[in-house]
Amino acid sequence: TGWYTTTDGDAEHESSYTGAGIAQAAGADNVIDCYARPGEYTLSYSWTGLPEGADVPLPESASYSYGAPVTVDGTYGAGSTAKVGHDTYTFSGWTLNPALGHGSTMPASHVNASGNWEKTGSDPQFDVTYEVTGDAPDVYSDVPATEKHYEGDNVKVAAGLTTSENEKDGVSGTWAFNGWSTDDVTVSGGEFIMPAGSVNFT
């Protein structure tokens, strides 16, 4: 990185001296003091395992001089958790490559701290089911399949059933579906907020 006139590397020596420049630099004792400034290296961070777009900020890189004490970002350590949507991820902790020097000091190279997130849990989901009760034609459209939703989801009630049959017990007429009903939630405008439990419509 060059030679410097002071131990803290504030002022760099000229690349060459001639004539009066040598005498000025040497001073009365005819000695040119030269000091090497420690190299600057970067501690960077990287991790894997989180889904794309996860709002979990990666620590910012930091620069250190060779031999300087290094502080690894402590925002996330082994066992730290982060919530991404309805899933929980757990952090492995940091692995440094290469390892820090004695006393956690910066080596003469860049260092990368890497880690991994693993999905370790998810919020529970609850069922929304539909069943036909009471009088019904022999043939009608398919009953809606069971749906799974998270607590707090806004859920739309399935459409009603239809049939092409036009009689019952030999008497002609029209079948009319009277709609889905439930005592498990309050439905407004054909929608409801999913509770922490299953909902059954009949």
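Begin by selecting Leu43, Trp47, Leu50, Val56 and Trp117, which touch the most other members of the 18-residue largest nonpolar core. Such a core is a set of buried Ala, Val, Leu, Ile, Met, Phe, Trp, Tyr and Cys residues joined through side-chain atoms within 4.5 Å, where buried means under 20% relative accessible area (1.4 Å probe, protein chains only). Next, colour β3 (40–48), β5 (81–84), β6 (87–91) and β8 (111–122), each of which supplies at least two residues of this core; strands are DSSP runs (E, at least two residues), numbered from the N terminus.

The model is predicted: local features need pLDDT of at least 70 and side-chain atom pairs pLDDT 80 or more, while totals for chains, interfaces and linings use all residues. Residues are numbered from 1 along each chain as its sequence is written, and side-chain values use heavy atoms, without hydrogens and water.

Centre on leucine 50. Beyond its neighbours within four places in sequence, this residue is in contact (heavy atoms within 4.5 Å) with Val56, Val84, Tyr89 and Trp117. Apart from this core lies another, of 13 residues, including Val128, Tyr130, Val155 and Ala158.

Finally, display the whole protein: of its 202 residues, 24% count as buried.

Conventions:
Buried means under 20% relative accessible area, exposed over 50%, partly exposed in between (1.4 Å probe, protein chains only). Helices (H or I, at least four residues) and strands (E, at least two) are DSSP runs, numbered from the N terminus.
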